[in-house]
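Reader: I have a model on the screen and would like to learn how to read it. Where do we begin?

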Amino acid sequence: MRLHLKITLWIVAIFLIVGGFSIYALVLFQRSATLQQFEAMAKTLTGTILQSLTTTMINNNPREMKQIIGHIEETPGIHRVRIYSPNGRVWASSRAEEVGVLRPSALLARVLSRREAAAEERPEAGELHVLTPIENRAECRACHAADVPVLGAIGVSLGTGQVAAHLRSTAHLLAGLVGFTFLLALGTLSVLLGRFVLDPLSAMVAAVRELSRGNYRARAAVSTGDELGVLAAAFNDMSARIERSTAALAEEISDLTRRLSTLTVFSKTLTAAADLSSALHEAAAAMREAVHADACVVYGRSEEGLRPMAAAGEPALVAPWGTALTGGLAGRPLSTPGGPGEDQRPIPGVGAALAVPLRTRDQDLGAMVVARAREQPFERTDLMLLQTVANQLAIAIENVRLFEEVREKEHLRRELLSRLISAHEDERFRISRELHDEVSQSLTGLMMRLNAAEEVVPQDLEQARATLAAVRGVAEQTLEEVRKIIFALRPTLLDDLGLIPAVRHYAKNLLEPAGVQVRLSATGFGQRRLPRPVETTVFRVAQEAVTNIARHAQARLATMTLELTDGTVRLTVTDDGVGFDPESTLADPARRRLGIVGMEERVALLGGRLRISSRPGEGTVVQVELPVDVAVPGGV
Ligand SMILES: Nc1ncnc2c1ncn2[C@@H]1O[C@H](COP(=O)(O)OP(=O)(O)OP(=O)(O)O)[C@@H](O)[C@H]1O
Ligand SMILES: [Mg+2]
């Protein structure tokens, strides 16, 4: 409900209570005053009657007395006049029929006993009954005994109807007057209330509503000098403060958002940057913008000391003193003149500067510096941002350093491995050649000579011929063994006829005597020969896979495929043997051998891939993929 209506209702309610009560009190008062007047009038009347009664009694003329009573009753407002004897019987009355009737009453008994006049209102009859005792005076004692103090009482009944009518009209008049006054007062009050209280209050409420909706420019247009004026002034002051602090807060939030977005952009830059140098340059540029600096320089520490690695803005501003400032960092931030870090003495030509170290856990990698030409010290938030960026930069620098180190080591390892394998292959080649050229030639020569000797030994020297034949057999066997060794070391087939015949020959030679059927297919080669390192690697992998089938698989069938497509050579060796769990086998140092590891190393060296799929009871598949056009250090 609106305040105006509420106040009006309250005023009406108060008026009804107070006005009603006042009218009631006034009417009561008037009534009692009128009754008192009536009572006094009745007493005067009874005094007159008593006087006439005494006269008529003394003159012994009761008739005259009755006439007097009759006349009195004709007076308007007087209903009845009675004279009572002490026992309550009506001795004389203005109404003849009442004479002789016994009418005792409590009022009569009281008047007689107290010997004083009394009145009683009888609302049902609409009259006031006044009783006055008739004293036994000296002049009465001629007829009445002297010891009777009271001879009776005179009763006069006055009609109160007129009084009631009068009171009613008075009440109506009063009610009208009061009502009119009230309406007048209510109207005036309402106008004044609206003008001086409710209107300013409404203006205040409107302003408060605006404020609560977020309009911090809302002001209450109240200019009175009373409490409402004071309230409005306080409200205006408050909303002005809120407006100011909201603006400051918005400014701060936008500043923080800018910084945060700087950090986000910076993190992205750091991960996306092509190299460290461009990452550092972009970081310097982003930092300079974020803290409103004129210059930002990133220093790196080398054996010769600090040297600038990246800069943005006007590095000349930093250059003359940057090294000196960052040299004194000792792991803590520095600022000038004053500011959030440790204080540094003012530097001529530099308004404000802030420097933070670039550190990893235990290494001092350099420093990051921001500077302004104007004298506006940096704030704590600037320091925090600078330090956060510096920490990330330090990690990035350290990562790059570690990555370089790892790459260098990996390169070295590959080179060594390549040389080792190459030397290994050369050595095998040399030994196989020597075995072929020297040992097998000698053995062949020996066998031929033994053959010749056998021819020339006479038929009867059987013993000698048998011995020679046995020695030739041993020489033949040895030659066979030497050939196998020569093949295993470096099959001449590989060099002479190529990869496919070499692989087929090796597999069949090793597996078929052991009861394993071999199927080999090759596609895409034609007459093409692959580079020597590639052929050697594929052959060595096939050799190890076939050897493993012979040693571990207990297979019945070995299928080998060789494919050459789009500059990639693929070898797949499948067996239907017992299989194994490659993961657990290779992870267990006790079971790890050189075979599979060696295959992986050789394949990785040429940038290829090796995959072994096997499960116990389900055979084994070895797959190799190698790029054909490779340049390998050391030429495997
Ligand atoms: N085709 C296969 N069938 C079943 N088990 C195999 C097969 N190839 C390899 N294995 C299992 O994997 C293990 C590791 O093989 P790997 O060639 O590395 O070593 P190795 O043959 O035991 O010894 P070496 O170092 O002389 O080659 C083998 O000991 C064998 O248990
Ligand atoms: Mg092996």
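**Reading the model**

Author: Begin with strand S1 (residues 78-84): six of its seven residues are buried, so S1 is largely enclosed by the rest of the structure. Buried means under 20% relative accessible area, exposed over 50%, and partly exposed in between (1.4 Å probe, protein chains only). Strands (E, at least two residues) and helices (H or I, at least four) are DSSP runs, numbered from the N terminus. This is a predicted model, in which local features need pLDDT of at least 70 and side-chain atom pairs count only at pLDDT 80 or more, while totals for chains, interfaces and linings use all residues. Residues are numbered from 1 along each chain as its sequence is written, chains are lettered from A and ligands numbered from 1 in the order in which they are written, and side-chain values use heavy atoms, with hydrogens and water left out.

Reader: Which strands does S1 pair with?

Author: Two strands pair if DSSP finds at least two bridges between them. S1 runs antiparallel to strand S5 (residues 150-159), with six bridges, and Val81 has Val156 as its bridge partner there. S1 is also antiparallel to strand S2 (residues 90-93), through three bridges; here Tyr84 is bridged to Val90. Five residues separate S1 and S2 in their hairpin, and among these Gly88 has a positive phi near 95°.

Reader: How do I read the two faces of strand S15?

Author: In a regular strand the side chains alternate between the two faces of the sheet. In S15 (residues 609-614), Leu610, Ile612 and Ser614 form the covered face, and Arg609, Arg611 and Ser613 the uncovered one. S15 pairs with strand S16 (residues 620-627) in the antiparallel sense over six bridges, with Gln623 of S16 as the partner of Arg611. The S15-S16 hairpin has five residues between its strands, and Gly617 takes a positive phi near 85°.

Reader: What span should helix H14 have, and which of its residues are buried?

Author: The expected span of a helix is 1.5 Å times one less than its number of residues. For the twelve residues of H14 (residues 594-605) that gives 16 Å, and the end C-alpha atoms are 16 Å apart, which agrees. An α-helix has 3.6 residues a turn, so residues three or four places apart point the same way. The buried residues of H14 are Gly595, Ile596, Met599, Arg602, Val603 and Leu605. They pack against helix H8 (380-456), helix H12 (532-553), H13, S15 and S16, where contact means heavy atoms within 4.5 Å. Just after H14, Gly607 has a positive phi of about 75°.

Reader: Which residues come nearest to ligand 1?

Author: A residue is near a molecule if one of its heavy atoms lies within 4 Å of it. Around ligand 1 there are 14 residues, of which Glu544, Asn548, His552, Arg593 and Ile596 come nearest. A polar contact is a pair of N or O atoms within 3.5 Å; within protein, one must be able to donate a hydrogen and the other to accept it, and residues adjacent in sequence count only if both atoms are side-chain atoms. Polar side-chain atoms lie 2.9 Å from a ligand 1 oxygen for Glu544, 2.9 Å for Asn548 and 2.8 Å for His552. Taken alone, ligand 1 exposes 590 Å², and the protein buries 84% of that (Shrake-Rupley method, 1.4 Å probe; for residues, only the protein chains shown count as cover).
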